[in-house]
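Here are my notes on this one, as numbered points. Have the model open while you read.

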Amino acid sequence: FCLMIRRPPRSTLDRSSAASDVYKRQVHGDLNKMMKEGEKNEKVLLMGRRFSGKTSMRSIIFANFHAKDTIKFGFTMEVQSSKVKFLGNLYLNLWDCGGQDLFMEQYFGTLREHIFKDTAVLIYVFDVGSKDVEGDMRNYENSIKALQEFSKGAKVFVLVHKMDIIGEKDKMKVFEEKRALITAKSGEFKVEMFKTSIWDETLYQAWSKIAHFLIPKIDKIETGLNELCTLCATDELVLFEKSTFLEICHIEEKTHKDPHRFEKISNIIKQFKLSLISTNYQFEEMMVKNSKFRAYLFDFTKSSYLMVVISNKDVEETALKMNIDALKPYYEKIISGTTQVLSHIISF
């Protein structure tokens, strides 16, 4: 096991904190200002009734909070909007909508068009332990109707949250019961549903799927990874977004028995990165090696990490790194949407 961490320049040490990291990545204010040329701007609504866990999951994914620290959060007042730089030139206009009944009435009434117009994604969060199921479903149905009116092309994701309070043997039954109720109220939208908790990798699984949907030209990124995987004789390649550590996409040449391994890796590495904050060091790269395989995690582009898994002992580490380095300029361009031709891969 080999781990590389880097100490930042002395001038930046006083800024190495969770709070400063949040403000480096978020730009608050008027989200209707003109975007710079080339930037892709997507409006994401995060909705659900109060105490469903919306703000906690947003803070864990985008603001680098530990799950244990979100217990102190109060409820969200009205709408908290933030512009989050995600990958390349993709920006998320994330609207965290307070879930008090008074606010909900405003969303479906006087603020209906303002809230739901030009929405790319609706993420609706249900508290699996809620006692007012009828009220939960009524608010969800109203959200769907408003979305149908103002953003017919939007994608809907539903997170059945706080699943950690349900016993392991009952989780699937409870989730399927919720799925049936939600599907019946979803109208014409084809909804993707996930069972989630802030205490395990399920949160990263759900948000990785959402991120994958939002990223433009994802097919070109996957095509490039597929060619690299073949040329470098690797078992698997996984692309992670740098700040959130959400899985963007992956290519595998060999099947693996654990379908949730990427979310587990996201959770583990994210927690490790958070533990470095107090030390004034920054995560750079990692290698795990045993008799069966080698796994490398490289700093890839300005906004991504690349994980490479190899079982072929004939593949030299130096040659692998040369290929990865040769591909970096291409990916910097394709992620920012400025190139369409793959021309930087070197074959062994």
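**Notes on a strand and a cavity**

1. Start with Leu-46, which sits opposite Ile-123 in strand 6. Strand 3 and strand 6 (residues 121-127) run parallel and are joined by 4 bridges. Strands here are DSSP E runs of at least two residues, helices are H or I runs of at least four, both numbered from the N terminus, and two strands pair if DSSP finds at least two bridges between them.

2. A word on the source: this is a predicted model, where local features need pLDDT of at least 70, side-chain atom pairs count only at pLDDT 80 or more, and totals for chains, interfaces and linings use all residues. Residues are numbered from 1 along each chain as its sequence is written, and side-chain values use heavy atoms, with hydrogens and water left out.

3. Strand 3 also runs parallel to strand 5, with 7 bridges joining them. Lys-43 stands opposite Asn-93 there.

4. A cavity is a set of points on a 1 Å grid over the protein atoms alone where a 1.4 Å probe fits but cannot get out; lining residues have an atom within 4 Å of a point.

5. The lining of the largest cavity includes Val-44, Ile-123 and Trp-207. Helix 7 gives the most to that lining, with 4 residues.

Key:
1 Å grid on protein atoms, 1.4 Å probe; cavity = no way out; pocket = protein on both sides within 12 Å on 5 of 7 lines; lining within 4 Å.
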